[in-house]
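Have a look at it with me before reading on.

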Amino acid sequence: MAARAGKAEMEPESLYNLLQLPKAVGRPAEEELPQGEKKKYLPPTSRGDPKFEELQKVLMDWINARLLPEHIVVRSLEEDIFDGLILHHLFQTLTGLRLDVEEMALTVPNQRRKLEAVLEAVNRSLQAEDQPLKWSMDAIFNKDLLATLHLLVALAKRFQPDLPLPTNVQVEVITMESTKSGLKSEKSVEQLTECSTDKDLATNDVFDELFKLAPEKVSAVKEAIVNFVNQKLDRLGLSVQNLDTQFADGVLLLLLIGQLEGFFLHLKEFYLTPTCPAEMLHNVTLALELLKDEGLLSYPINPEDIVNKDTKSTLRVLYSLFRKHKLKENADSTPRGSPN
């Protein structure tokens, strides 16, 4: 169970366990599902799907990185999201908006009211009030993992569209329906994340919109990436002052990739001191091939754009490394024990 804000002072974990919490939902007996109602269930094969597990891990790492300053740790999306506490703090962190809800809801009715209020605010922020939703207050409160994942994926796409979610995550779902003649089941496939083509376009849109709609933020993005790069290159005695120009010959880019991805590049493979555009192009092309091999570049980048000091292309390449390793660092630094 997640270590939650405020629970450390109450000390007894047993206090939280004594509350009337909803139990994990299993496949229902016939009498547990009212006639005419339907409910979705994940078979073990779906739960064990590697991409399905990866999606949960990426979302958990993201949430823990965002809530690290508040010493909140999520260990299970299925068990830790239902009562609105984590969702409340995540929403406030992502939007900067304060919600007028009680911090600790200790009874089932209060937890339901809090979750309902938080979800109303979340749906407004997602501009999803008038659209068919793949989640509901009852589904989240009853620890419906599919509904919880749909909600968190929507939040990530809205507030951190660069988050490297695994693409094309699909799971087989069993829908149970209670009829006069008994329980009926039907298998279907549920899509949790978009296919890679759609995601690539969305990733490109992030940078296009940044340069077009918020040019004043470009310098802040550059500064964050330069600081990250310098932390990694410092062990080699190197530093970057000008992101626009210092990566044009591909040397620093290759050394950075080597540091982060654990590659050892022989001097015969690249030009350490390129003297002409052709040698610079060779270096940058090699760097982009390495990134593609590692699955970090899912959108096309012309190596000539890097050599020609195109800022947007350079940012795209560096950000592919930044988003992977900076997120991993934040997740790794998340405390694993209960906070003081």
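Is Gly-295 buried or exposed? I looked this up before anything else, keeping in mind that the model is predicted. Gly-295 has a relative accessible area of 55%, and exposed means over 50%, so Gly-295 counts as exposed. I found Gly-295 in the loop between H14 and helix H15 (303-307). I also checked its distance to Ser-320, which is 25 residues away along the chain: the two C-alpha atoms are 9.7 Å apart.

**Entry: the whole chain**

I stepped back to see the overall make-up. I noted 16 helices and three strands in the chain. Of its 340 residues, 46% are buried. I then turned to contacts between residues at least 6 apart in sequence, and 64% of these join residues at least 24 apart.

**Entry: the sheet**

Next I followed the strands. They form an open sheet of three with the order E1-E2-E3 and antiparallel pairing. Strand E1 (38-41) and strand E3 (182-191) are the edge strands, each pairing on one side only. On average, neighbouring strands in this sheet are turned by 25 degrees against each other, direction ignored.

I looked at one pairing in detail. E1 and E2 are joined by four bridges in the antiparallel sense. For Lys-39, the bridge partner in E2 is Met-176. I also saw that H9 lies across E1, E2 and E3, and that H9 runs at about 25 degrees to E3.

**Entry: the cores**

Which residues have the most contacts inside the largest nonpolar core? I wrote down Leu-59, Trp-62, Ile-63, Leu-77 and Leu-155, in a core of 46 residues. Two or more residues each come from helix H4 (50-67), helix H6 (85-95), helix H7 (108-125), helix H8 (137-141), helix H9 (145-159) and strand E2 (170-179). H9 gives the largest share, nine residues.

Setting aside neighbours within four places in sequence, Leu-77 is in contact with Gln-56, Leu-59, Met-60, Ile-63, Leu-145, Thr-148, Leu-149 and Leu-152. Apart from this core lies another, of 38 residues, which includes Val-218, Val-226, Phe-247 and Phe-270.

**Entry: Leu-67**

I went back to helix H4, where Leu-67 is found. Leu-67 is buried, at a relative accessible area of 0%. Beyond neighbours within four places in sequence, Leu-67 is in contact with Ile-72, Ile-86, His-89, Leu-90 and Thr-93. His-89 is 22 residues from Leu-67 along the chain, yet their C-alpha atoms are separated by 7.4 Å.

**Entry: helix H11**

I tested the length of H11 (residues 218-233). At 1.5 Å a residue, its 16 residues should span 22 Å, and the end C-alpha atoms are 22 Å apart, so the two agree. The buried residues here are Val-218, Ile-225, Val-226, Phe-228, Val-229, Lys-232 and Leu-233.

**Entry: Asn-283**

My last stop was helix H14 (residues 277-293), which holds Asn-283. Its relative accessibility is 0%, so Asn-283 counts as buried. With neighbours within four places in sequence left aside, Asn-283 is in contact with Asp-249, Gly-250, Val-251, Leu-254, Phe-270, Tyr-271 and Pro-274.

Note on methods. Residues are numbered from 1 along each chain as its sequence is written. This is a predicted model: local features need pLDDT of at least 70, side-chain atom pairs count only at pLDDT 80 or more; totals for chains, interfaces and linings use all residues. Side-chain values use heavy atoms; hydrogens and water are left out. A nonpolar core is a set of buried Ala, Val, Leu, Ile, Met, Phe, Trp, Tyr and Cys residues joined through side-chain atoms within 4.5 Å. Buried means under 20% relative accessible area, exposed over 50%, partly exposed in between (1.4 Å probe, protein chains only). Contact means heavy atoms within 4.5 Å. The expected span of a helix is 1.5 Å times one less than its number of residues. Two strands pair if DSSP finds at least two bridges between them. Axes are lines fitted to C-alpha atoms, for helices over the stretch in contact, and angles run from 0 to 180 degrees between N-to-C directions.
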